[in-house]
Amino acid sequence: MRKFLVAAVPVVLALAGCNSDPSTAPTASSAAMTANGPTRAPSGPNAVAEDLCVKAVQQQTNASGVGVINSEFSQAATQVMVGFPAAQAPWRCLVSGGRVTEVIYTGSEGRS
């Protein structure tokens with residue numbers, strides 16, 4: 001039994017980083033790299049809020065390549081973290097009731 005577990009552990013650890021859902025994996029054409037990691041186009045269950053936030057950050061920064069880093073839904077608001085290649089830190093955006101209620105740069109030094 002121990003030999004099987006020892007042999008299975010590396011396989012399980014190797015597979016742990018695999019993403020079995022190809023729709024959530026960034027592709028070369030849809031993902032951009034930022035200082036905070038890859039971004040993606042708005043998609044999934046939070047797509048409407050993500051789209052609103054991407055547009056709000058684009059409007060405030062006049063930046064190109066703005067994309068979603070991640071998003072989290074709650075009953076109060078959907079939080080969307082947004083980035084773009086020139087940003088040194090992500091932007092945090094909140095959407096509630098179908099409108100953007102807050103857009104904040106999370107960096108401490110100036111705006112990107």
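## About the model

The model is predicted, so to speak of local features a pLDDT of at least 70 is needed, side-chain atom pairs count only at pLDDT 80 or more, and totals for chains, interfaces and linings use all residues. Residues are numbered from 1 along each chain as its sequence is written, and side-chain values use heavy atoms, with hydrogens and water left out.

## Overall fold

Let's start with the layout. The protein has two helices and six strands, and from the N terminus on they follow the order α-β-β-α-β-β-β-β. Helices here are DSSP runs of H or I with at least four residues, strands are runs of E with at least two, and both are numbered from the N terminus.

Of the 112 residues, 29% count as buried; buried means under 20% relative accessible area, exposed over 50%, and partly exposed in between, with a 1.4 Å probe and protein chains only. The protein exposes about 7,400 Å², of which carbon and sulfur atoms supply 57%; accessible areas come from the Shrake-Rupley method with a 1.4 Å probe, and for residues only the protein chains shown count as cover. Among contacts (heavy atoms within 4.5 Å) between residues at least 6 apart in sequence, 38% join residues at least 24 apart.

The buried residues of α2 are A49, E50, C53, V54, A56, V57 and T61. They lie on the same side of the helix, because they cover an arc of only 165 degrees around its axis; the arc is that of the directions from the helix axis to the C-beta atoms. These buried residues pack against β3 (67–73), β4, β5 and β6, while the face turned away from them carries the exposed residues V48 and Q59. Just after the helix, N62 takes a positive phi of about 60 degrees.

## The nonpolar core

A nonpolar core is a set of buried Ala, Val, Leu, Ile, Met, Phe, Trp, Tyr and Cys residues joined through side-chain atoms within 4.5 Å. The largest one has 18 residues, and V57, V66, V82, F84 and W91 touch the most other members. At least two residues come from each of α2 (47–61), β4 (78–83), β5 (91–96) and β6 (99–105), with α2 giving the largest share, five residues.

## One aromatic pair

The whole structure holds one aromatic pair. Its rings, those of W91 and Y105, have centres 5.3 Å apart and planes at 55 degrees, so the pair is tilted. Rings of Phe, Tyr and Trp (its six-membered ring) pair if their centres lie within 6.5 Å; planes under 30 degrees apart are stacked, over 60 edge-to-face, and the rest tilted. W91 sits in β5 and Y105 in β6, 14 residues apart, and both are buried.

## Around E50

E50, in helix α2, counts as buried because its relative accessibility is 1%. Leaving out residues up to four places away in sequence, E50 touches R40, A41, P42, S43, V68, S71 and V80.

A41 belongs to the loop between β2 (37–39) and α2 and is partly exposed at 43% relative accessible area. A41 and G67 are 26 residues apart in sequence, yet their C-alpha atoms are 5.5 Å apart in space.
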